[in-house]
Amino acid sequence: MATVSLPRNCGCLLNSVDFLHTRTTYYPSTFITCLTSRRRYSRCSFAKNSKKNGGEAVRDEAGNEGGEKNSKFIASRSGVLQACTITSALIAALGVAIRQVSHVASAEGLPILDCSSQVSFGFEMWHLELITGLVVFISSSRYLLLNTWTDFADSSQAANLQVLSSLQPLDYMFVAFLPGISEELLFRGAILPLFGMNLNGVGVAALIFGVLHLGNGRKSSFAIWATFVGLAYGYATILSSSLVVPMASHALNNLIGGLLWRYTSNASSQK
């Protein structure tokens with residue numbers, strides 16, 4: 001999830017899990033706060049900067065554009081990549097700090113679990129089966145929900161359209177793996193073991209993970225899904241005692257979701 005100072009324009013650092021969704025995708029939102037909070041402070045300033053950086057206004061279904069209430073803006077490619085890099089680095093730094101502090105506190109005899117010893121970066125071959133199972137389970141569950149839960153699908157589509165539209169194909173790997181690795185380092189590598197390597201710890205970490213997905217246009221359905229995903233990653237972390245499993249699963253799910261969103265969006269635009 002030492003003290004880290006957050007830049008104002010990034011909003012809440014931890015407003016991340018996880019994830020932007022569409023009817024066929026599930027994508028990370030580590031950096032969505034940085035991209036949208038500026039509009040909250042100054043809608044006109046955001047529109048001006050978006051135009052300067054290559055962003056463009058997108059008409060809504062009613063045909064409104066520009067300063068209308070329902071208008072949306074596509075963030076520029078450089079803005080997306082920069083926000084992803086900054087927030088991922090800060091999240092990873094916070095996770096490392098918590099792990100290091102818990103290690104020192106545990107060595108000093110304080111009643112605090114050593115996060116680094118509870119969840120390591122070890123890897124065994126059977127972890128591949130666990131990673132594969134997580135990817136299949138989460139992707140299929142996402143697909144089912146996005147085709148049956150309208151509220152979830154609509155808000156996910158809007159978020160994906162805003163953030164992913166300007167990216168190039170290779171960018172998807174960058175914005176998939178960076179958040180996946182940094183978020184798991186914090187939530188499953190630091191917060192989970194800090195509260196205990198048991199179901200209670202899994203639940204607490206997942207709940208925090210989900211709650212921090214509220215706001216900036218993300219509805220309660222988004223937070224519920226993020227909590228569900230957090231439970232799956234947390235349980236896998238307990239089974240494997242390895243950060244490699246949730247990191248790899250998270251990153252792969254992000255990548256699959258982003259590429260599917262791009263493919264389905266292109267296919268729809270060609271009809």
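Modeller: Leaving aside neighbours within four places in sequence, Thr 237 is in contact (heavy atoms within 4.5 Å) with Val 119, Arg 188, Leu 192, Met 197, Ser 242 and Pro 246. This is a predicted model, in which local features need pLDDT of at least 70, side-chain atom pairs count only at pLDDT 80 or more, and totals for chains, interfaces and linings use all residues. Residues are numbered from 1 along each chain as its sequence is written, and side-chain values use heavy atoms, with hydrogens and water left out.

Biologist: Is Thr 237 buried or exposed?

Modeller: Thr 237 has a relative accessible area of 0% and is therefore buried (under 20% relative accessible area, 1.4 Å probe, protein chains only). Its place is in helix H9; helices are DSSP runs of H or I with at least four residues, numbered from the N terminus.

Biologist: At what angle do H5 and H9 pack?

Modeller: H5 (residues 127–146) and H9 (residues 220–240) pack at about 170°, with axes 11 Å apart. Axes are lines fitted to C-alpha atoms over the stretch in contact, and angles run from 0 to 180 degrees between N-to-C directions. The two helices are therefore roughly antiparallel (over 145 degrees).

Biologist: Now the cores: which helices each supply at least two residues of the largest nonpolar one?

Modeller: The largest nonpolar core has 14 residues; such a core is a set of buried Ala, Val, Leu, Ile, Met, Phe, Trp, Tyr and Cys residues joined through side-chain atoms within 4.5 Å. H5, H6 (150–164) and H9 each supply at least two of its residues, and H5 gives the most, with six.

Key
Parallel < 35°, antiparallel > 145°, perpendicular 65-115°, else oblique. Buried < 20%, exposed > 50% of the residue type's maximum accessible area, 1.4 Å probe, protein only.
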